Amino acid sequence: MTEQTTIPATSGAFTDGMLLPRTVKVENLNHFFGEGELRKQALFSNNLEVRRGEIVIMTGPSGSGKTTLLTLIGSLRSVQEGSLLVLGNELCGADRDLIVRLRREMGFIFQAHNLFESLTAFQNVNMAAELVGLDPMIAEGRITSLLTRLGLGDRIHYKPNSLSGGQKQRVAIARGLVHKPKLILADEPTAALDEKSGREVVTLFQELARDEGCTIIMVTHDNRILDVADRIVNMVDGTIKSDVAVQETSVICEFLKDFPLFSDLTPTTLAEIADQMMVHKAEPGKTVIRQGEAGNLFYLIRSGSVDVLIDEGQSKKKVAELKQGQYFGEAALITDEPRNATIVAKEKSVFYALGKEDFRAVLATSATFEEELRQALFNR
Amino acid sequence: MSNRRIPLAWKNLTHDWRRLAVAIAGIAFAVLLMFTQVGFQNALFDSQVKIIDDMQGELFLISKAKYTLAAEKRFPLSRIYQARSCSGVQGAYPVFSELTTSMLRKMEGGIGNPGYPLRSIGFYLDDPIFRAPEIREQINRLRQPDTALIDRKSKAKKFAFPRNDDQLLAQQAVELTNKKVTLVGTFAMGTDFAHDGNLIMGAENFAKYFPHRKRFGDPLSVIDIGVVHVQDGFKIESVQDLLSRTLGNDVDILTRDEFRTQEINFWDKSTPIGTIFLAGKMIGFVVGMVICYQVIFSDIADHMPEFATLKAMGYPTRYFIRLILVESMLLSLLGFIPGAIASRVLYSGLSAQTGLLMTMTDHGVAFVYAATVAMCVASGMLAVRKLLSADPASLF
């Protein structure tokens with residue numbers, strides 16, 4: 001049979017492209033606040049993977065633990081239980097030197113600007129450049145161009161008290177970016193900004209992600225910038241409720257839409273279906289489903305290809321070959337009959353599987369489905 | 001400008017000039033307090049040994065029982081003769097001094113006040129005792145009977161005589177130990193904590209005023225200080241050695257430095273004065289520390305989110321410790337300069353007022369500056385704990 005994983009299809013863990021190294025890997029992460037009787041769990045065995053160059057937006061109501069998770073990833077809090085790998089370093093039990101070194105590879109953008117009133121915009125940004133030992137000439141050029149880019153070209157040598165709130169926030173953003181961090185952690189970076197400069201900031205983020213392979217994790221409620229997210233993580237009550245790769249989800253939805261039964265569904269419903277699918281893997285030659293067995297999963301081929309075989313007494317006859325984007329296993333779910341064919345993986349393949357119950361629930365949403373289905377089966 | 005590291009300590013310190021001014025004023029005040037204590041202490045000690053500094057000679061004989069100059073312990077004249085006979089001694093000369101019975105009063109309308117005690121110093125007028133040329137120039141005036149020179153730095157309130165006009169001074173009706181004395185001139189020596197003024201006179205006059213120095217016999221046969229001149233070509237130490245072997249064990253033979261040190265040690269160690277000044281200096285130190293702590297602490301408290309951000313960025317603990325260290329050093333320097341200037345002004349004012357020798361010695365300046373740095377650094381290191389508690393996790 002196939003190797004069944006607990007990875008949701010929409011997590012984007014499997015793409016047809018090359019897999020980039022993980023910037024952040026969270027495994028079974030628990031976190032508690034308080035001591036003794038007052039000890040309260042804030043994070044409940046969370047898992048999350050963020051790959052190089054991804055822009056992740058974290059959402060969720062306040063108190064859901066997203067900020068706690070962000071501070072843990074940022075090594076600003078020590079890890080209590082579980083595993084947290086950041087830029088290849090385990091943070092659970094990490095010593096001070098490692099943490100200090102790691103922090104220099106990250107860029108932090110806080111909700112408050114936290115600029116030194118005594119330093120000019122340039123000097124505040126330079127505090128970050130100096131720390132990583134950037135050559136002063138290079139640093140000067142980079143700071144000037146960053147601040148200019150963020151619309152502060154004429155205010156480079158102003159002190160914070162002669163800058164507006166938005167301008168100060170942009171200086172703080174420049175400070176978080178100037179040393180070309182590998183990982184940027186941002187908390188509502190655009191909250192204090194107007195539409196235009198907010199857009200400029202996220203465009204800058206996108207460029208960094210694309211050109212420098214910089215990973216960005218951002219907590220935001222600003223839905224004007226949701227479009228830049230590669231992945232949207234939603235947290236509720238200390239647990240990651242959904243972790244959706246935007247690109248992958250749209251690929252799945254495109255595939256699902258091609259399935260005649262689902263062609264009428266709205267994007268929202270399609271996304272919900274996608275959310276319920278799990279990743280299955282199969283090595284070449286492995287049987288995915290066997291003719292005659294009870295069926296309880298619907299498969300979508302994410303990558304690879306399979307042969308469809310039908311038993312004819314002693315031998316098996318290959319009747320079809322299915323490729324990426326095609327699907328199988330639906331008939332047994334609809335008719336409640338045993339599988340009517342055997343499916344064997346031709347190469348290393350990845351499937352997204354939907355459970356019988358979920359599949360039926362989707363079908364039940366529209367009466368026209370069954371009609372259509374019968375039609376479809378009849379025409380086969 | 002971008003070639004240098006950002007001087008964050010300096011920038012933070014000078015950003016709010018009002019706060020800086022208050023800080024500087026506070027630290028300067030502490031510096032002034034300490035300088036006052038050091039000044040008074042030095043003044044006490046230097047004034048106390050001024051008579052030693054004013055005398056010629058390389059070695060001094062005093063009674064073993066004389067624990068301080070103000071103690072009226074004497075040794076017999078024979079020791080002077082013995083000293084004169086030692087090889088390497090060019091000359092040994094007696095100096096007589098009286099304090100408790102030496103009451104000087106100004107007669108007014110025949111009655112006058114009860115008088116105040118001052119130190120009367122007697123010596124044989126041909127002996128080379130005092131360095132000051134003004135004394136040597138007036139030696140002939142002292143050859144007259146019932147004459148004396150008065151220290152014009154004597155306390156003006158107690159000894160209200162004209163000090164700039166010798167003519168007028170000589171016309172004053174003055175009595176010393178109830179006998180008439182003519183003040184034929186002035187010299188400068190200065191007061192100290194035991195002596196409010198000084199008179200000098202010839203030995204013969206001295207004997208006349210203080211016949212009670214020795215109950216039976218010649219008042220000039222008991223000596224307060226013996227001044228020894230060492231012959232050229234002789235080592236002072238070897239002459240001192242010879243003298244201490246030759247003379248009886250009732251006298252100490254001291255070099256100039258030993259004499260000074262013994263006198264200063266008495267005031268420093270055997271009287272509460274040293275402790276009082278130490279307490280005074282400590283109060284200045286503590287006041288400065290509190291002010292300095294306050295300044296640095298509030299600077300840190302006002303910038304907690306900024307410091308936490310620096311921590312999040314990866315600035316290590318030692319950066320913050322160095323930052324506060326530099327800040328405290330700067331504060332100490334900024335506070336010390338005006339404090340020292342103010343102290344200098346105060347010193348000259350007090351010197352003029354009291355006649356005490358208030359001088360700013362290199363040693364005193366070094367001591368106060370070291371104390372100021374220690375005070376600022378100590379309070380900085382106390383305050384830095386607050387900074388180290390800055391939690392970057394609180395920023396998100």
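Residues are numbered from 1 along each chain as its sequence is written, and chains are lettered from A, with ligands numbered from 1, in the order in which they are written. Because the model is predicted, local features need pLDDT of at least 70 and side-chain atom pairs count only at pLDDT 80 or more, while totals for chains, interfaces and linings use all residues.

Let us start with chain A. Its C-alpha atoms fill a box of roughly 85 × 45 × 40 Å along the principal axes. Chain A holds 11 helices and 19 strands; helices (H or I, at least four residues) and strands (E, at least two) are DSSP runs, numbered from the N terminus. Among contacts in chain A with a separation of 6 or more, 73% come from residues 24 or more positions apart; a contact here means C-beta atoms, placed from the backbone, within 7 Å.

Chain B is divided into domain 1 (2–48 + 272–395) and domain 2 (65–249), with bounds that come from an automatic or database domain assignment. The C-alpha centres of these two domains of chain B lie 47 Å apart. Where they touch, six residues of domain 1 of chain B meet seven residues of domain 2 of chain B. The domain 1 side of that contact has three nonpolar, three polar and no charged residues. In this scheme Ala, Val, Leu, Ile, Met, Phe, Trp, Tyr, Cys and Pro are nonpolar, Asp, Glu, Lys and Arg are charged, and the others, Gly among them, are polar.

How do the chains meet? The contact takes 21 residues from chain B and 27 residues from chain A. On the chain B side, α1 (8–15) and α12 (304–313) each supply at least two residues, and α12(B) gives the most, with six. By class, this side of chain B has 11 nonpolar, seven polar and three charged residues.

After α12(B) comes B:G314, with a positive phi near 110°.

From the other chain, α3(A) (residues 121–131) is mostly covered too, with 10 of its 11 residues buried. The buried residues of α3(A) pack against α4 (136–149) and α5 (165–177) of chain A and against α12 of chain B. Just after α3(A), A:G133 takes a positive phi of about 70°.

Now for the nonpolar cores, each a set of buried Ala, Val, Leu, Ile, Met, Phe, Trp, Tyr and Cys residues joined through C-beta atoms within 7 Å. The largest has 107 residues, and those with the most contacts inside it are A:V56, A:V125, A:A174 and B:V31. Helix α2 (residues 17–48) of chain B gives the most to this core, with 11 residues. Another core, of 53 residues, lies apart from it and includes B:L59, B:I135, B:L142 and B:V174.

Finally, chain B contains an open sheet of 11 strands with mixed pairing, in the order β5-β4-β8-β9-β7-β10-β6-β3-β12-β1-β13; strands pair if DSSP finds at least two bridges between them. The edge strands are β5 (116–117) and β13 (251–255) of chain B, each pairing on one side only. Towards one end of that order, β4 (residues 103–106) of chain B pairs with β5(B) in the antiparallel sense over two bridges, with B:P117 as the bridge partner of B:M103. Three bridges also join β4(B) to the antiparallel β8 (residues 174–176) of chain B, where B:R105 partners B:E175. Elsewhere in the sheet, β1 (residues 59–63) and β12 (residues 225–230) of chain B run antiparallel over four bridges, and B:F60 stands opposite B:V227. Helix α9 (residues 236–246) of chain B packs on the sheet, touching β1, β3 (89–98), β12 and β13 of chain B, at about 180° to β13(B). Helix α10 (residues 256–270) of chain B touches β1 and β13 of chain B, at about 110° to β13(B). These angles run from 0 to 180 degrees between N-to-C directions, with axes as lines fitted to C-alpha atoms, for helices over the stretch in contact.

Terms used:
Two residues are in contact if their C-beta atoms, placed from the backbone, lie within 7 Å. A residue is buried if 20 or more other C-beta atoms lie within 10 Å of its own, exposed if 12 or fewer, and partly exposed in between; C-beta atoms are placed from the backbone.
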